[in-house]
Amino acid sequence: MVDRRRIQGPEVSVAPIIIKSADKRTCLKDEHSRRRDGRNLEDICPIFLKTGLISQANGSAFIEIRRTKIACGVYGPRQTKIPSFSGKGNLNVEIKFAPFSCQKRRQPYRDAQEKDLSQLVIEALVPSIRLDLLPKSTIDIYITVLENDGTASCLAAAITCASVAVADAGIEMLDLVPASSASYIGGEIYMDSDLAEEQHETGYLILSYMPSLKEVTHILQSGDVDLALTTQAIEQCTDACSKIYSVMINSLLLPIRDTQ
Amino acid sequence: MAPVLISALEADYILKGIDDNLRADGRGRLDYREVILETGLITQAHGSARCRLGEGTDVLVGVKVDIGTVDIDGTEEEVATVKAKRGRVVCNVECSPIASQQFAGRGADDINNELTQMMSRVLNGPQGGLNLEKLCIIPGKACWIVYIDALVLDYAGNIVDTMFMTTRAALFNTQVPKAIIHDLGDGEVEFDLSEDVEEWERIEGWEHVPISVTLNKIGSRHIVDATPLEELTTEAKLHVMVNRNGKICGIQKSGSGSIEHSLLNEMVQEEYDINEKRMRNKPVEKLGFFAAT
């Protein structure tokens, strides 16, 4: 039965393709090798990091880098729901992109990519947390991405934010874990790239590093790169991580300084 | 049955052996187990291959190509025009419950997802090697989608390396049907598939598909091609994917340990060297001797 009372929309709908004006070609860097926001290729963006965002959580942190905004809440250590005994604590990370956070609307339920990113965050954080002091316990880390300005830099920011939140929860750790990202565009390394730069990249690198112990807790690279460039990028990311480390420490000391 | 627990004594035994460059099965730290690779096993698939590593790990990859629509919504115009002229690769990895008891029921979900995403990251995009432009039939409307499905039939350590080797072999074996395009005028284009099997072409770019080398960090040393017991003593694994041209197509660390900074560079360099050698000496064997053992 055809419904004649209502005007039916089309059965298939797709998101629009954004058409740019013909003369404006995206130029990623100008003659002085400065990027669109005035940074050099190897500069990372200023970071806003604050703890104590969520009152209900044991520990929480909010990070804002350029347009990326990520909130993280840590609940734990609490009793584990797994029936079998384990001598070490369990770390559970759930990362979720808000439906409005990316260019294309994301589904409200967890998809495969989010599960994979959660696994990556777990692998990045586990070496730094003293889970052997927390048998039969679970630490739950919930990360919500409110706005995503480049997937690689978003993941790096999520790891940084989660590490600070775990420290804010008072859980014993070996070291904080800052993370940084870089894009390979046209044979050059662009540190901390945004969404527009990401569209033109031929590869990316995400690195998380414990500066005091000088250990890399996670590395992920994708794209077609040669060895020399990879090694250079790893060096640059490690240096960036050391810089981010001081920002993390500052954000944790801030509430203590205020009370003194 | 793959073990999930290892005693401290056994772990120590493996550690000391690796220190002396003598592993439990007599191999050195950088020795691979014997590889048996066979292609063209499954007639229903457009391409297939199976690889056995030593007595253990067994991975079967089937490739099917299907017609699909181009996925360009939500992207900028510049990127959309590039995407409109390309085909796609969709990967899926499944660890069958017959491979190991830990994969029964929902046990394999996490590892399946991790392996699928790892393969997607490497194969989707220019670093994957395949000529995606060649897979386009009608720009903006229809393209070939390459479905790569890997099935792990037996687990004895080192799934990632076996998976990539088998995928490369399966893509070598893949034949894409020929699409004949009819121009109906007025911008309307239609296409038909050629019935003649002789006209099917081998998928282009298979030789540039990367393979991976996994280094397992145990103590202060690292080994390649770990057995299940060695994997249990591993603190961290580093997978490096390199293609024929010597370009690094992906790096991923997995496992719950960390790697010293200086060691990381050394490991990447070493994996790169190992990869180079393996690419040269191991052309994909076209004929199989039956991998029944």
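This is a predicted model: local features need pLDDT of at least 70, side-chain atom pairs count only at pLDDT 80 or more; totals for chains, interfaces and linings use all residues.
Three positions are buried in α1(B), namely Ile14(B), Gly17(B) and Ile18(B). Viewed down the helix axis, the buried residues of α1(B) fall within an arc of 100° and so line one face of the helix. Ala8(B) and Leu9(B), both exposed, are carried on the face turned away from that buried side. The cover over the buried residues of α1(B) includes β11 (211-218), β12 (221-224) and α5 (228-232), which belong to chain B. After α1(B) comes Asn21(B), with a positive phi near 60°.

Strand β4 of chain B (residues 88-95) shows alternating side chains. β4(B) runs parallel to strand β6 of chain B (residues 142-154), to which eight bridges join it. Within this pairing, Val93(B) has Ala150(B) of β6(B) as its bridge partner.

In chain A, Lys50(A) is part of strand β1 (residues 47-51). Its relative accessibility is 45%, so Lys50(A) counts as partly exposed, the category between under 20% for buried and over 50% for exposed. Not counting residues up to four places away in sequence, Lys50(A) touches Ser60(A), Ala61(A) and Phe62(A). The C-alpha atoms of Lys50(A) and Val247(A) are 10.0 Å apart in space, while the two residues are 197 residues apart in sequence.

Methods: Residues are numbered from 1 along each chain as its sequence is written. Chains are lettered from A and ligands numbered from 1 in the order in which they are written. Side-chain values use heavy atoms; hydrogens and water are left out. Buried means under 20% relative accessible area, exposed over 50%, partly exposed in between (1.4 Å probe, protein chains only). Helices (H or I, at least four residues) and strands (E, at least two) are DSSP runs, numbered from the N terminus. The arc is that of the directions from the helix axis to the C-beta atoms. Contact means heavy atoms within 4.5 Å. Two strands pair if DSSP finds at least two bridges between them.
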